[in-house]
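Welcome! Take a moment to look over the sequence and the 3D view, and then we will walk through a few places together.

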Amino acid sequence: MQTLTVSLAERSYPIHIGSGLLSVSHLLAPPLKKKKAVLVSNTTVAPLYLNKLSTSLTELGIDVLPVILPDGEEYKHWETLNLIFDALLKNHCERSTTLIALGGGVIGDKGGFAASCYQRGMPFIQVPTTLLSLVDSSVGGKTAINHPLGKNMIGAFYQPKLVLADISTLDTLPDRELKAGLAEVIKYGLIRDPDFFIWLEANIEKLLARDKEALTYAVHRSCANKAEVVAADERETGERALLNLGHTFGHAIETGLGYGEWLHGEAVAAGTLIAAELSCRLGWLSAASVERIEALFLRAGLPVMGPALETARYLELMRHDKKVEDGKLRLVLLKGIGQGVISDHASETEISAAIAARCT
Ligand SMILES: NC(=O)c1ccc[n+]([C@@H]2O[C@H](COP(=O)([O-])OP(=O)(O)OC[C@H]3O[C@@H](n4cnc5c(N)ncnc54)[C@H](O)[C@@H]3O)[C@@H](O)[C@H]2O)c1
Ligand SMILES: [Zn+2]
């Protein structure tokens, strides 16, 4: 097992990374101050891993209250969030009860947001079970639910006390989900870690084949990148926005098609290629680099073209995104592989042209 730290003064916390960690009960002990924990999961993940985690908690003398939610991005909304509050209140949970989110990014984001609000904040543990949540959403304290007018629009910054990253949960993850997670892994290489991008070019097939050693390395390196970015800019006033590479376009795809149609990582992949295309049109990124990026996403089995939404519709959806400031779109663009920049430099005409070139 390896442990990284997200350094945020009194809100610092460990990320334990390894195989079989759900059964290593003592890792869960430090943040559990009271004898009760609420385990929030969904109808897909609970049958696979809830027993294992509950057993570890029981060994520590903790009473476990499971809250099992419906599965899907389309349930990342108020009504389902409220089911968590219903369970917490009906079971007289206190502010000191710990909420544990066991699942992918949807459960982590929703569980974290519930923890941030319940009695103004209860302790919270992330147990991510998808590649995307292992490398990205479980670290950094962004929690949210969707609104019909925009993704992740209602939420809070709320750090977990601990992230338990058990790589063996990936054994049961569907291939399509594994590939979607790779979009966020590649993102770290593109925005700030060129050597990691080169490593990914050499090892992408191993990751697709679920080679444990390769997966552990990729999760560790991704989390190390994310932890550094978050420690430097917890509330996204600067550098943290780089993590949104491909996301402004990607969110437009997700919202435009309806949540759940394209996976988040798939939308981010196509969005990243639009950002690369735009960077190339601005003269910042060479055509050869765009090709290299496209080749890696293709090998990862990810889309490199956006869906056929009208360009005007993309722009309209992008204006709803959080990255709009004083009416100007701020985008993450590339000045090279491993060199992300935040820029409001591109005109609407240039953005439209890049979208048109990268959509079917
Ligand atoms: N908070 C952040 O910083 C952040 C960052 C990136 C993404 N996100 C959010 O994360 C969400 C996407 O997360 P995701 O890709 O994990 O999707 P997800 O949570 O919907 O999980 C994908 C699917 O895999 C299933 N699943 C999960 N673990 C499994 C396992 N081990 N075996 C079998 N099936 C399993 C889930 O039930 C679901 O059906 C989006 O809502 C996105 O906005 C948040
Ligand atoms: Zn993302």
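## The zinc site

Which residues coordinate the zinc ion (ligand 2)? The donors are Glu-184 (OE), His-247 (NE2) and His-264 (NE2), at 1.9 to 2.1 Å. A donor here is an N, O or S atom within 2.8 Å of the metal (3.2 Å for Na, K and Ca), and water is not among the atoms, so sites may look incomplete. Along the sequence, these donor residues follow the spacing E-x62-H-x16-H. The two histidines link distant parts of the chain: His-247 sits in helix α8 (residues 247-257) and His-264 in helix α9 (residues 264-281), 17 residues apart. Helices (H or I, at least four residues) and strands (E, at least two) are DSSP runs, numbered from the N terminus.

Are these histidines buried or exposed? His-247 is buried, with a relative accessible area of 5%, and His-264 also counts as buried, at 18%. Buried means under 20% relative accessible area, exposed means over 50%, and partly exposed lies in between (1.4 Å probe, protein chains only).

## How to read this model

This is a predicted model, in which local features need pLDDT of at least 70 and side-chain atom pairs count only at pLDDT 80 or more, while totals for chains, interfaces and linings use all residues. Residues are numbered from 1 along each chain as its sequence is written, chains are lettered from A and ligands numbered from 1 in the order in which they are written, and side-chain values use heavy atoms, leaving out hydrogens and water.

## Around ligand 1

Now let us visit the other ligand. Ligand 1 is surrounded by 28 residues, and the closest are Asp-71, Glu-73, Lys-76, Thr-130 and Thr-172. (A residue is near a molecule if one of its heavy atoms lies within 4 Å of it.)

Some side chains make polar contacts, which are pairs of N or O atoms within 3.5 Å; within protein, one must be able to donate a hydrogen and the other to accept it, and residues adjacent in sequence count only if both atoms are side-chain atoms. Thr-129 has a side-chain N or O atom 2.8 Å from a nitrogen atom of ligand 1, and Asp-109 places a polar side-chain atom 3.0 Å from a nitrogen atom of the ligand. Taken alone, ligand 1 exposes 870 Å², and the protein buries 91% of that (areas come from the Shrake-Rupley method with a 1.4 Å probe; for residues, only the protein chains shown count as cover).

Helix α7 (residues 212-232) has 21 residues. From first C-alpha to last it reaches 30 Å, close to the 30 Å expected at 1.5 Å a residue; the expected span is 1.5 Å times one less than the number of residues. At its start, a side-chain oxygen of Asp-211 comes within 3.0 Å of the backbone nitrogen of Glu-213.

What do the buried residues of α7 pack against? Their partners are β1 (2-6), β2 (13-18), α4 (131-137), α5 (175-192) and α6 (194-208). One of the buried residues is Ser-222, at 0% relative accessibility. Leaving aside neighbours within four places in sequence, Ser-222 is in contact (heavy atoms within 4.5 Å) with Val-135, Val-185, Tyr-188 and Phe-196.
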